[in-house]
Amino acid sequence: MTKAWTRWQDWAEVAIGALVLLSPLVVETSTAAMWTMIVLGALIAIDGLASLAMPAMVYGEWFQMLLGALLFISPWVMGYSDLMAASWVSWVGGVLTVAMGAMAVPAANAAHSGLAGSH
């Protein structure tokens with residue numbers, strides 16, 4: 001069973017979320033881009049922390065992948081695809097978030113299965 005606070009994929013999710021959250025400080029954004037990046041970055045980081053604390057929480061990894069997909073499409077949906085730096089942060093951050101969530105699902109399933117025998 002995976003121990004809490006040890007899964008590298010979840011640490012990566014926290015880092016990605018923090019970078020997306022802080023990126024409006026260094027890239028040109030519109031109001032929509034700034035708030036989208038702040039909110040989604042914060043949610044990605046918080047979900048990563050929750051997954052670190054509770055490694056058997058499989059649905060957290062699926063939620064992480066959903067957040068990554070939302071971050072990826074946000075430049076088009078929120079209308080900031082003309083701001084290249086903000087768009088690239090969203091696209092790269094979204095792809096990396098989905099990838100980290102997908103890589104963490106097997107470990108979360110294994111941790112969850114380990115808990116099933118302890119009930």
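1. In which helix is the place of Gln64? Gln64 lies in helix 3, which covers residues 58-77; helices here are DSSP runs of H or I of at least four residues, and strands are runs of E of at least two, numbered from the N terminus.

2. The model is predicted, so local features need pLDDT of at least 70 and side-chain atom pairs count only at pLDDT 80 or more, whereas totals for chains, interfaces and linings use all residues. Residues are numbered from 1 along each chain as its sequence is written, and side-chain values use heavy atoms, with hydrogens and water left out.

3. Gln64 has a relative accessible area of 0% and is therefore buried (under 20%; exposed is over 50%, partly exposed in between, with a 1.4 Å probe and protein chains only). Leaving aside residues up to four places away in sequence, Gln64 touches Glu13, Ile44, Asp47, Gly48 and Thr97, contact being heavy atoms within 4.5 Å.

4. Four aromatic pairs are counted, where rings of Phe, Tyr and Trp (its six-membered ring) pair if their centres lie within 6.5 Å, and planes under 30 degrees apart are stacked, over 60 edge-to-face and the rest tilted. One of them joins Trp88 and Trp91 edge-to-face, at 5.2 Å centre to centre and 85 degrees between the planes. Because these two residues, Trp88 and Trp91, are three residues apart in helix 4 (residues 84-116), about one helical turn separates them.

5. Trp91 counts as buried because its relative accessibility is 14%. Ring pairs also link Phe72, Trp76, Trp88 and Trp91 into a cluster.
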